Amino acid sequence: MSLLHEFKSVTEPLRLEKLFPASKEAQPTELEIGCGDGGFLLEWATRHPKKKFLGVERLLGRIRKLDKKGRRANLTNLRLLRIEARYVLQHLLPAAAFEAVHIYFPDPWPKDKHRRHRLIDEKFPALAQRILVPGGIVHLRTDDPDYFAQMQESFAPAKDFSSTETPKELAALTTEFERQWNEEGKPTLRVSYLLKN
């Protein structure tokens, strides 16, 4: 069975109990936006079988590859959505449903005229707050110093979030892009934001 959700409607909000019908009891759920071909998500879902994981990716080739790898690994705690990130955050994901949101190496849109396409902007903290449970957390990584500064500026006025240390186990788990850029001498810039109870 495919891990990739087949949308019958892109206007009707998603229900996690329908995405994860095998889960009889409530389990913590984590979200990765821009999961690519899934190196991080596959490993994290494998390490945490008692949690549910939802991956969002816009590119068909990448998400098909992740679907294939996830099925091969027999991951019943993983589901995938092929859709644009901001739209799914604004309109389709349920409120107060996720204990963590992971966004690693989002497209930096480095040209000034393209910056408006960046996912992490002044509107993002409110989108994250809507879908997180109290005490939930947003984990961000990038190799782009300008985007990293924008991430921090975006969360600075968000009074319901506080900056916190990324857990060691999580920081140690790197993505394929991350390893590639680290080898090129680009350091990982990371920050996590905790939603206050």
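Here are some friendly notes on the predicted model above, point by point.

1. First, the ground rules. This is a predicted model, in which local features need pLDDT of at least 70 and side-chain atom pairs count only at pLDDT 80 or more, while totals for chains, interfaces and linings use all residues. Residues are numbered from 1 along each chain as its sequence is written, and side-chain values use heavy atoms, with hydrogens and water left out.

2. Let me start with the core. The largest nonpolar core has 37 residues, and Leu 31 and Leu 93 touch the most other members. Such a core is a set of buried Ala, Val, Leu, Ile, Met, Phe, Trp, Tyr and Cys residues joined through side-chain atoms within 4.5 Å; buried means under 20% relative accessible area, exposed over 50%, and partly exposed in between (1.4 Å probe, protein chains only). Setting aside neighbours within four places in sequence, Leu 31 is in contact (heavy atoms within 4.5 Å) with Leu 54, Val 56, Leu 89, Leu 93, Phe 98, Ala 100, Val 101, His 102 and Ile 131. A second, separate core of 18 residues includes Leu 42, Leu 66, Leu 75 and Trp 181.

3. Next, a helix pair. Helix H4 (residues 85–92) and helix H5 (residues 124–131) pack at about 50°, and their axes are 9 Å apart. Helices (H or I, at least four residues) and strands (E, at least two) are DSSP runs, numbered from the N terminus. Axes are lines fitted to C-alpha atoms, for helices over the stretch in contact, with angles running from 0 to 180 degrees between N-to-C directions. H4 and H5 are therefore oblique to each other, as angles under 35 degrees count as roughly parallel, over 145 as roughly antiparallel, 65 to 115 as roughly perpendicular and the rest as oblique. On the H4 side the contact is made by Arg 86, Leu 89 and Gln 90, and on the H5 side by Phe 124, Leu 127, Arg 130 and Ile 131.

4. Lys 51 is worth a look. Lys 51 sits in the loop between helix H2 (39–47) and strand E2 (52–57). Its side chain makes a polar contact with the side chain of Glu 99 at 2.9 Å (a pair of N or O atoms within 3.5 Å; within protein, one must be able to donate a hydrogen and the other to accept it, and residues adjacent in sequence count only if both atoms are side-chain atoms). Beyond four places in sequence, Lys 51 touches Gln 27, Pro 28, Glu 30, Asn 77 and Glu 99.

5. Finally, backbone angles. Asn 74, in the loop between helix H3 (60–72) and strand E3 (78–82), has a positive phi of about 60° although it is not a glycine. At 61% relative accessibility, Asn 74 counts as exposed.
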